[in-house]
Every structure is written in C-alpha cells, then in structure tokens.
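Me: I am new to this structure and would like to go through it slowly, one question at a time. Please give the terms along the way.

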Amino acid sequence: MNKTIENLTPKQIVEELDKYIIGQNDAKKNVAIALRNRWRRMNASDEMKSEIVPNNILMIGSTGVGKTEIARRLAKVADAPFTKVEASKFTEVGYVGRDVESMVRDLVEQSVNMVKTAKKEEVKVKAAQTVEDIILDILIPPISKKNERAKVGIPEGVGQSDDEQLNERTRESFRRKLKNGELEERKIEIDVKSSNSAPIGVMGGPIDDVSMMNIQEMIGGMMPRKNKKRKLPIKDARKILIDEESSKLIDMDEVKEEAIWKAENLGMIFIDEIDKIAAGGGKSGPDVSREGVQRDLLPIVEGSTVNTKHGSIKTDHILFVAAGAFHVSKPSDLIPELQGRFPIRVELESLTEKNFYQILSKPKNALTKQYTAMLEAEQVELSFNDSALKELARIAFEANSEVENIGARRLQTVMSHLLNEILFDVPDKIGPNAKIVIDDAMVKERLAGLVQNKDLSQYIL
C-alpha cells in the first residue's frame, strides 16, 4: 500500500496542487477524487477490488492552461509512476512508428527506476561503509593479516609486525580524514563497469519492441563486461562506487515484482493531443488512419495484458488522463467506445489577467522565484515590485488576446524579454552583491515594443 495516498484526503490533494497550479478548481477536484479512489479500491473487499475500475479523465482546454502540469503534479503527490505520451506520435498497427503498447512499457520502466532508487536509498548506509573500505584500500593498501589471525583465535595486536601496526595506524588516520571530508579533491583510480547495451541491428522482417529488448539483453548478458579505469576525485568516485555497491545489495527480482504492482495499481498515463486522432482533427499522415490509432488505444484503456522486458502487466487499473484543445475537432468525434472509457470530462478555463498575476507570485515554482534563484547563484539579489507583477500579467494577457493564446507559456516569453539584458550583463557588468529591483516603469520601458507590435510573430513560442 502506498502510504502517501493513504495519508491524503481529496481536500489535501487539492491543497498540494494549489501550491503549483493556479485556478482550474474543477479539474483539480476531479483528479483528487480519482487519486483517492485508488486507495478506496485497494481497501475494498477482495471480491470487489477487481471489479472497481478507475474513472479515466478527459481534460479539454487550450494549450498552456495547466493540463499536463495537473497530471504531472498529481503523480508526484501520489509518488506514483507517471508517463506522458502524445497521441499524434502513435501509428496504426502495420505502419512504421510507435505502437500504443510502448506507453505501458515506458510506465513500467519508470516504475522500475522509482523502486530501484527507493531500494538503493534503503541500503545506502551499508553501501557507503563498503565504499569507505574500498577507497581506503586504494589509498593505503592493507598488509595486515588480521583476518587470518582472527580465524585461529589470536587476539588483535598479537603477532603483528611493526610494518603491519604502522599500516593499521595509517589506515585509521586516513579513515578519519575520509569521514571529515579532508580528502574529497584527492584523485584515485577506480574500475568502472561499462554497459553492454550496444545498439543491435536486425535484418529481415519487422520485430516488436519487446523482442528487440530481449535480444539486446540476451546478447548483452553473453558478452563479458569490460571494466574501464578512471581517475576521479574521491567525491566523484564515491558516487559511482556507492551506486555500484547499492545495486549489488538489492534483489532485482524483488524490484521488478514491486514495480509491476506499482505500475498496475498506482500508474498514471497522460495522453496528450488526443484531439489530433479524432475524426475532425488534423491529418497525422496520408496513409495513417486516426480511427485505427483509436482502436489500437481502446484495448489498452479498457484493460489488457502487455508484455514488457520486466514481465507482463495488466492495464485494467492504470489511471488514464487524456487531454486536448479540441479546437478543430470535438470529444464526440472520438469513436464511441473510446469516449466511454473517459467518463469524467473536465473543461479547463482560459487564464485571466488575474490568473497571470497569481501565477507570477504564488506558486512554489513561479517564474519570478526561478529567476531570483538563478541570480542568487551569481550573488545578485533580484526582486519584483507588486506593481511590476501586475504590469507583466497585463502585457501577457494582452499578447494572448491579440495573437495565438498559448496560456501561461506566454509568461516565459515576457519574462525572458524583460530580463535577457540583465542575465547577459551578470557577472561582467553587474557584479556580486548587486541588488536589482524590477518595478512597473522598467517593465513598461523594456516591453514597450512587445505591446506595440501587433503582429508579435517573433515572440510566439
């Protein structure tokens, strides 16, 4: 059971999403319910557990209003495997291109990486102790026969030569220095295992992804691993060695088993641009049937078994969140069977000038905070007046109204245009300890051309 979901109510999930996403309360509410429903299903009776299916969600809204961000943040809140795909990248079975099952394999791969990282963290302390001994052996190779004496019951220190005692004292001295971080920049030579996953070409007919992965894994396992010697500072060598030692301490069969469970019960797949494969959408190509892609997608969303290199996975309880602008087509242009698999429909609102102001000031990852953090690295203090944020919001909203509406992404254009000169001048002209205050006068002065140019073509992302 995922403890994160267990401890979060729908209201708390929305509060977590509010830290990063402004507005779109209806969408947040629906995804929060969908997430909590997963915990409810896993705590239902065994008889009902397999019967309860997830309420997949279809988000409808123009670009830049927060569709992808809501799904991505939801996965982070739930500590769940998450993958994002674009429906327009898939092709019907029989054509060259990505098949729809690849998104499930991507999800499993993501899940394996998550579980492996968590397991490595559990054994990190033990691995660090082993690595300390490895580094110590490289710095001061042992000459003591302490282990042999211990086997026959001779007490420590008895029968040691002067050289052995000196070696022991030197090693202990260096061990203290390692613990205190005094030798971090000292370079040592270590053996690094090289990967055997070289690209393999296959002649003849088409071959599916799973078969190709299995062939690569099999040939890679047959080929001897080559160790490559590298000379690195101890601080860098330690990271590589800890990663290698951690991998030795974890059971990969257990990792795969847990990863499959996690992907099946907690996994989320975000299918973007689903409107591009609807009947009224733009053509994907002269010979590729959009309806064919929908029919290939249907069994995955309905629930089927997909073979991956880590094992078989059932998609019955994976949560699918689809999204599209639906400017040209509409949700009813999707085939009825696929429409029925996305029962929850949420229409996301276009962003207002007030929303833009909130996006610049409230979220933890607001653009203003990102730029401030970047300049902090140069020891330059950057701050924004409230009036400047309001002016930036007004200009971004006006630009979206006059040309293509690209939602919150317009703020990146506006902020970049405002701060590019400052970012270029640091640290050559603007040195450390400088303080820069952005006010509405500076915003108007630097973005005057952006507002006046009605075409704005050079600023469209």
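Me: Which residue is the bridge partner of Met59 in strand 9?

Reply: This is a predicted model, in which local features need pLDDT of at least 70 and side-chain atom pairs count only at pLDDT 80 or more, while totals for chains, interfaces and linings use all residues. Residues are numbered from 1 along each chain as its sequence is written, and side-chain values use heavy atoms, with hydrogens and water left out. Helices (H or I, at least four residues) and strands (E, at least two) are DSSP runs numbered from the N terminus, and two strands pair if DSSP finds at least two bridges between them. Strand 1 and strand 9 pair in the parallel sense over 4 bridges, and the partner of Met59 in strand 9 is Val346.

Me: Which residue stands opposite Met59 in strand 8?

Reply: Strand 1 (residues 57-60) runs parallel to strand 8 (residues 319-324), and 4 bridges join them. Leu58 has Ala322 as its bridge partner in strand 8, whereas the residue opposite Met59 in strand 8 is Ala323.

Me: Are the residues of strand 1 that point to either side buried or exposed?

Reply: Buried means under 20% relative accessible area, exposed means over 50%, and partly exposed lies in between (1.4 Å probe, protein chains only). Ile57 and Met59 point one way from strand 1, Leu58 and Ile60 point the other way, and all of them are buried.

Me: Which strands stand at the edges of the sheet, and why is one side of each left without a neighbour?

Reply: The open sheet is formed by 5 strands in the order 2-5-8-1-9, with parallel pairing. Each edge strand has a single partner strand, so one side of it is left without a neighbour in the sheet, and these edge strands are strand 2 (82-86) and strand 9 (344-347).

Me: At about what angle to strand 2 does helix 6 run?

Reply: Axes are lines fitted to C-alpha atoms, for helices over the stretch in contact, and angles run from 0 to 180 degrees between N-to-C directions; contact means heavy atoms within 4.5 Å. Helix 6 (residues 102-122) lies across strand 2, strand 5 (268-272) and strand 8, and its angle to strand 2 is about 155°.

Me: Which elements do the buried residues of helix 7 pack against?

Reply: Helix 7 (residues 124-139) has 16 residues and reaches 22 Å from its first C-alpha to its last, close to the expected 22 Å, where the expected span is 1.5 Å times one less than the number of residues. Its buried residues are Ala127, Val131, Glu132, Ile135, Leu136 and Leu139. They pack against helix 9 (162-179), strand 3 (187-193) and helix 11.

Me: Which residues is Ala237 in contact with, leaving aside its neighbours within four places in sequence?

Reply: Ala237 belongs to helix 11 (residues 234-249), and it counts as buried because its relative accessibility is 0%. With those sequence neighbours left aside, the contacts of Ala237 are Ile188, Ile190 and Leu232.

Me: How far from the centre of the ring of Tyr20 does the charged end of Arg73 sit?

Reply: A charge sits over a ring if NZ of Lys or CZ of Arg is within 6 Å of the ring centre and within 35 degrees of the ring normal. Arg36 lies over the face of Trp39, at 4.1 Å from the ring centre, while the charged end of Arg73 sits over the ring of Tyr20 at a distance from its centre of 3.9 Å.
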